[in-house]
Amino acid sequence: MSKENAVEIISLLEPRLSCLSLRGRPLPISLQVLLTLRFFASGTFHRETGDLCGASEATVCRIVHKVSRAICELRSLYIKFPDAADQAKYKVQFYEYGHFPGVIGCIDGCHVPVKCPSTPDAEEYRNRKNWFSINVQGVCTPNLEFSNIVARWKGSTHDSRIFVNSSLCDSGYGQSNFLFTPYINPTTAEQQRYNRAHIRTRGMVERMFGIWKNRFQCLRNTLRFRPRRCCKVIIATAVLHNYLKQRCCPDPPMEDDDEADVPMTEAASDQRGLAHRVAFTYSKSLNSSVLSLFGGPPPVVNRCLLISAFCRFKASLRFFHRVYTGKNHSL
C-alpha cells in the first residue's frame, strides 16, 4: 500500500470516524486509521502497536474495532456481485484462463483462526483441523477480487450450510443447474478432462485467498477478539483487498498454504444439476477444446467449485460455441 492509498483511505473514513467533541483527548483520525492498518498488516499484539504512539492496549483495541466497523460500511461500494455487463466480461476472462465456459465466479471457503471464545458454544468454533476459527466463504472474480463474502459462521459449520444460507445458494456443496462441482472419482476420459478444466479455473479463488491472507497477516495469526468483532475485521480486510486491487497495487509474495487437503465425499446434489453436469461433460464442444489443452493424468481435485451462469444449459452451450468459434468478440 502506498502513501497515496493510505491518504485516500483516511479521507474515505474521516466522515465516519469524526467526533463532535474532543472529550477524552481522542487520537487524530489519521493516526487511528494507520494504527488499524498496521494491525491488519502485521497482526501484532495491541500493546506493541500502542507503544509506537503512546496509546494503551485498551485504546488500540477500541480503535481497531471502531475503524473496522467504519471500513465495513464501505462494503457495498467495493464488494459487488457482477451485473449483466460484468458477467459477460467475466465469462470471457474465465474462459480465456481455464477454458471452462459460462463461469461468472469461483467459490471456496477458508478458515481464519480465532481465540477460543469464553462462551458455552465455544467448541462449535473448533474446525475439522482441531483449532478454533471462523469459516469464511468467498466468491472471486477473474481479477482476484471478492464479489461476495460471508464471514459469520463458526469453524465447525459445513460449507453447504453456509452456502444454502447465503445470498447465493467445491464439492463440499451439491451440484445444481447453476453450480458446477468436480467429479470425485472420474472414470472416463471426458470426466477427467472436465475436472482438469474445472481445477485450472477454480484455482483463482485459492490464489485470491492466498494474496488476501499474505497482505493482511492478522488473518494468519489468531484474532483475539470476540467472534462478532473478528467477523468485522475479516470483512474490513476483504473491503481493503478489493480497494487495493482496484487501485492496481502490487500483490504481496505468495506463501505456501499449510492447510492440508481434506478427502472428499460427494455431497447431496440436485438430480437436475447432476444431469446438467453430465450433459456438459460429454458435450462435443467441451471435449474437443479441452482435449487439445490438457495432457497426462488428471490432477488431484481439492475442495472447490465453480459458480456458473448455466441457468439454461443450451444457452450456455451457445455461448461456448460463440467463444470457441471466435464469433463473440463483441463481448
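What follows is a short exchange on helix packing and salt bridges.

Me: What kind of model is this, and how are residues numbered?
Reply: This is a predicted model, where local features need pLDDT of at least 70, side-chain atom pairs count only at pLDDT 80 or more, and totals for chains, interfaces and linings use all residues. Residues are numbered from 1 along each chain as its sequence is written, and side-chain values use heavy atoms, with hydrogens and water left out.

Me: Where does Leu37 lie?
Reply: Leu37 lies in helix H2, residues 29-42. Helices are DSSP runs of H or I with at least four residues, numbered from the N terminus.

Me: Buried or exposed, that Leu37?
Reply: Leu37 has a relative accessible area of 11%, so it is buried. Buried means under 20% relative accessible area, exposed over 50%, and partly exposed in between, with a 1.4 Å probe and protein chains only.

Me: What is Leu37 in contact with, leaving aside its neighbours within four places in sequence?
Reply: Met1 and Leu240 are in contact with Leu37 on that basis. Contact means heavy atoms within 4.5 Å.

Me: At what angle do H1 and H2 cross?
Reply: The axes of H1 (residues 3-17) and H2 cross at roughly 115 degrees and come within 9 Å. Axes are lines fitted to C-alpha atoms, for helices over the stretch in contact, and angles run from 0 to 180 degrees between N-to-C directions.

Me: Which residues make the contact?
Reply: On H1 they are Ala6, Ile9, Ile10, Leu13, Glu14 and Leu17, and on H2 they are Ile29, Ser30, Val33 and Leu34.

Me: Switching to charges. How many salt bridges are there?
Reply: A search of the whole structure finds 11. A salt bridge is a side-chain nitrogen of Lys or Arg within 4 Å of a carboxyl oxygen of Asp or Glu.

Me: Which residue does Glu73 pair with?
Reply: Glu73 forms a salt bridge with Arg16, with the closest N and O atoms 3.1 Å apart. Glu73 lies in the loop between helix H4 (57-72) and helix H5 (75-78) and Arg16 in helix H1, so the pair ties together parts 57 residues apart in sequence. Glu73 is partly exposed at 45% relative accessibility, and Arg16 is partly exposed at 37%.

Me: And Asp251, what is its partner?
Reply: Lys245, with the closest N and O atoms 3.2 Å apart. Lys245 is buried at 16% relative accessible area, whereas Asp251 is partly exposed at 35%.

Terms used
Helices (H or I, at least four residues) and strands (E, at least two) are DSSP runs, numbered from the N terminus.
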